[in-house]
Amino acid sequence: MAAVVWARCFSRAWLRRRAGLGCGRHYRAALCAELKQPLAIEEVAPRPVQPHEVRVDVHFCGVNFADILACCGQYQEKPHLPFTPGFEFSGTVLETGRDVSTVKEGDRVIGVSTFNGMAEECVIDQKRLWQIPESVPLREAATLPISYGTAILALEHRACTQPGETVLVTAAAGATGLAVIDVATNVLQAKVIAAAGSDEKCKLAMQRGAQSSVNYSQGSLKEAVEKLVGSGGVNVVVDAVGGDVFLEALRSLAWEGRIVVVGFAGGTIASVPANLLLLKNVSAMGVYWGRYRDQNFPLFSGILSSAVQYCQQRRIQPHIGAVFKLEEVNDAFLHVTQRKSSGKVLISLK
């Protein structure tokens, strides 16, 4: 529904610019002033940092479907209007509060915010920042928190994927899908079957490390998987589509297989047939990435540190599908809702 609303909105509306607020130092930010309407670019006056906070000069911000849901009023967290979207970003530290001990001015960081990332500056609690080494470009670093955080949580923490196991990933050409392929193949030494909705997306997934692919728009996913691996099935499924694709993937699991739900890009939430769980002793579980930040912060922080380490070691290589300027933020949202994107979509603030 959010995709339909956004597409209709932007078929007839363009970015609105607002004038600066007068003298003094200001920075630009994307502003959602009204739900289901185009974002505006405003000049914003910076607020003072609190003792535990850090001011970051934002270089890149990730575009996630959650941003679009929030701007349509359909996200589980509903910020007060007006607000600035953006859950993840990379940049350099401009200023620190007096009690900050984890970073210093000039440090290169990635941040996980509750909105506010799509701006030239972001003030954030020091606990939500992770330092990144010089060898990791800020552009690549901005892809790590959500896509790779989700992939690592799903594969390592929830599914406990082992070397040599077979992983089936749906929506394989999306940012999270490609991250799952990257981590499964290059970190965990698993075999990956990439499932996507077009031949072009399947080709990209193969180029990024999948051993085989399935175009589920052309027939039964379960039958196609069975042709690849036999009746034994796959050990792990990471599903971001939902609906019938989820059900076919569930039926493709091997004995004691694990299916991890990470999203519902197809728009339909399937009911789990409990008898299928019993017959093969399989497990169905979910990953809500942001909830770990509140429920198990040590694990959440460790996962992001692992993502940074994997990137520094070049064990993973994030795929960036498109980069938009801040003033093109509405185009970036439309790019995502119209399913034109593959890999991570970023907003460049520089």
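Five of the six residues in strand β10 (residues 191–196) are buried, so the strand is mostly covered, where buried means under 20% relative accessible area with a 1.4 Å probe and protein chains only. Helices (H or I, at least four residues) and strands (E, at least two) are DSSP runs, numbered from the N terminus. This is a predicted model: local features need pLDDT of at least 70, side-chain atom pairs count only at pLDDT 80 or more, and totals for chains, interfaces and linings use all residues. Residues are numbered from 1 along each chain as its sequence is written, and side-chain values use heavy atoms, leaving out hydrogens and water.

On one side, β10 pairs with strand β9 (residues 166–169) in the parallel sense over four bridges; pairing takes at least two DSSP bridges. Getting from β9 to β10, the chain passes through helix α5 (residues 175–186) in a right-handed β-α-β crossover, meaning the path runs clockwise from the first strand over the helix to the second when the strands point away from the viewer. Val167 sits opposite Val192 in β10.

β10 also pairs with strand β11 (residues 212–215), again parallel and over four bridges, with Ala196 opposite Asn215 in β11.

## Thr185 in helix α5

Now for a residue in α5: Thr185. It counts as buried because its relative accessibility is 15%. Its contacts (heavy atoms within 4.5 Å) include Ala190, Val192, Gly209 and Gln211, leaving aside neighbours within four places in sequence.

The Thr185 side chain also reaches two backbone oxygens: that of Ile181 at 2.9 Å and that of Gly209 at 3.5 Å.

Technical notes. Buried means under 20% relative accessible area, exposed over 50%, partly exposed in between (1.4 Å probe, protein chains only). A polar contact is a pair of N or O atoms within 3.5 Å; within protein, one must be able to donate a hydrogen and the other to accept it, and residues adjacent in sequence count only if both atoms are side-chain atoms.
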